[in-house]
Amino acid sequence: MNRRSLIAGGLAGLALPTLARADRPVVVASKSHGEGILLGSVIVMVLQRLGVPVTARLQLGPTRIVRTALTAGEIDAYPEYTGNAAFFSGTDSDPVWRRAETAYAAAKAFDAKNGLTWLKAAPANNTWQIAVQGGLARAERLATMADFAGAVRRGLVELAASAEFVESPAALPSFERAYDFVMPRDRIVMLPGGDTAVTLRAAAQGISGVNAGMVYGTDGAIAALDVVVMSDPAGAQIVYEPAPLFRTSVLERHPSIAPALDRIFTGLDLPTLRRLNAEVAVDGDTPEAVARRYLGSLAP
């Protein structure tokens, strides 16, 4: 999921269409990655349970395509990440995006003028992070990026990461600036793609001498492997919490949607979302089946 290279700031100025007919089905889309499909399925099923007419267009495409479809009125909703609003608005260098509360408020304020409403976000940050092999983390007491920086200075770390993670100013260089370290490039195993399942497995299993790997915060494989994800107390990374993003006119036509989805998404904390993603990525269930089972497990 290469979010950052798929977003163009110029999308923000697209005009919204006029109000649709009240009997028009609500069109819910999602991005193409597993978590996007999972959360899109949750939104579709909640609307169906509310009796709201809904059409699903899941796996519509990457961020650029789905965002453009929303602002053009071709779809009515999809799950988005708060941090992506930093790129929609062209303000990604603003520190407001590096704290969950301020990032959500900034995303909500930015899109309000575009006729869009961010419902409540899940308290689960799907940003870039670094996971360390469990044995090394326990032996060296590594829990934060400050600890990780110290381990790098002691020559203990071999990192598996994509070229984008290593080279993008928003990724590894951002960690290096915030925690005052330099990851020697000859101690990085550079992978051509951005598949965090591969970097996680390499870190956990010590493949090619690797003992650390780039991850996304809600990756399902984290729960299945012996790794410790380093926390980011200095806020080096933009916060990416998922939330339903709707055209405001749709929520006005269907006032039951917002409170129902707010209740669901605020319950999707980091352990819960990792577990659900693991049921897809590790256990092989479909996102739709996982979403249905999760919703069925909740109190009415």
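1. How many salt bridges does the structure hold? The structure holds 11 salt bridges, a salt bridge being a side-chain nitrogen of Lys or Arg within 4 Å of a carboxyl oxygen of Asp or Glu. This is a predicted model, in which local features need pLDDT of at least 70 and side-chain atom pairs count only at pLDDT 80 or more, while totals for chains, interfaces and linings use all residues. Residues are numbered from 1 along each chain as its sequence is written, and side-chain values use heavy atoms, with hydrogens and water left out.

2. One of the salt bridges joins the side chains of Asp76 and Arg247, at 2.7 Å from N to O. Asp76 lies in the loop between α2 (63–71) and β3 (77–81), and Arg247 lies in strand β10 (residues 242–247), so the pair ties together parts that are 171 residues apart in sequence. Helices (H or I, at least four residues) and strands (E, at least two) are DSSP runs, numbered from the N terminus. Asp76 counts as buried because its relative accessibility is 0%, and Arg247 counts as buried at 4%. Here buried means under 20% relative accessible area, exposed over 50%, and partly exposed in between (1.4 Å probe, protein chains only).

3. Another salt bridge lies within a helix. Arg275 pairs with Glu279, their closest N and O atoms being 3.4 Å apart. Both residues belong to helix α12 and are four residues apart, about one turn of the helix. Arg275 is partly exposed, at 41% relative accessibility, whereas Glu279 is buried, at 13%.

4. Arg293 and Asp285 also meet through their side chains in a salt bridge (2.6 Å, N to O). Arg293 is partly exposed at 43% relative accessibility, and Asp285 is partly exposed at 29%. A network of salt bridges links Arg275, Glu279, Asp285 and Arg293.

5. Next, the pockets. Rolling a probe the size of a water molecule over the atoms shows where empty space is left. On a 1 Å grid over the protein atoms alone, a cavity is a set of points where a 1.4 Å probe fits but cannot get out, and a pocket is an open set with protein on both sides within 12 Å along at least five of seven lines; lining residues have an atom within 4 Å of a point. The largest pocket holds about 450 Å³ of space, where a volume is the space filled by probe spheres set on the points, and grid points are joined across faces, edges and corners.

6. Which residues lie nearest the centre of the largest pocket? Of its 22 lining residues, these are Thr196, Ala197, Asp219, Gly220 and Ala281. The elements that give two or more residues to this lining are α1 (34–49), α9 (196–205) and α12 (270–281). α9 gives the most, with four residues. By class, the lining has 10 nonpolar, eight polar and four charged residues; Ala, Val, Leu, Ile, Met, Phe, Trp, Tyr, Cys and Pro count as nonpolar, Asp, Glu, Lys and Arg as charged, and the others, Gly among them, as polar.

7. The second largest pocket has a volume of about 240 Å³. It is lined by 15 residues, and Asn125, Thr127, Gln129, Asp232 and Val239 are the closest to its centre. β5 (128–133) and α12 are the elements that give two or more residues to the lining of this second largest pocket.

8. Strands β1 (residues 26–31) and β2 (residues 54–61) pair in the parallel sense over five bridges; two strands pair if DSSP finds at least two bridges between them. Val27 has Thr55 as its bridge partner in β2.
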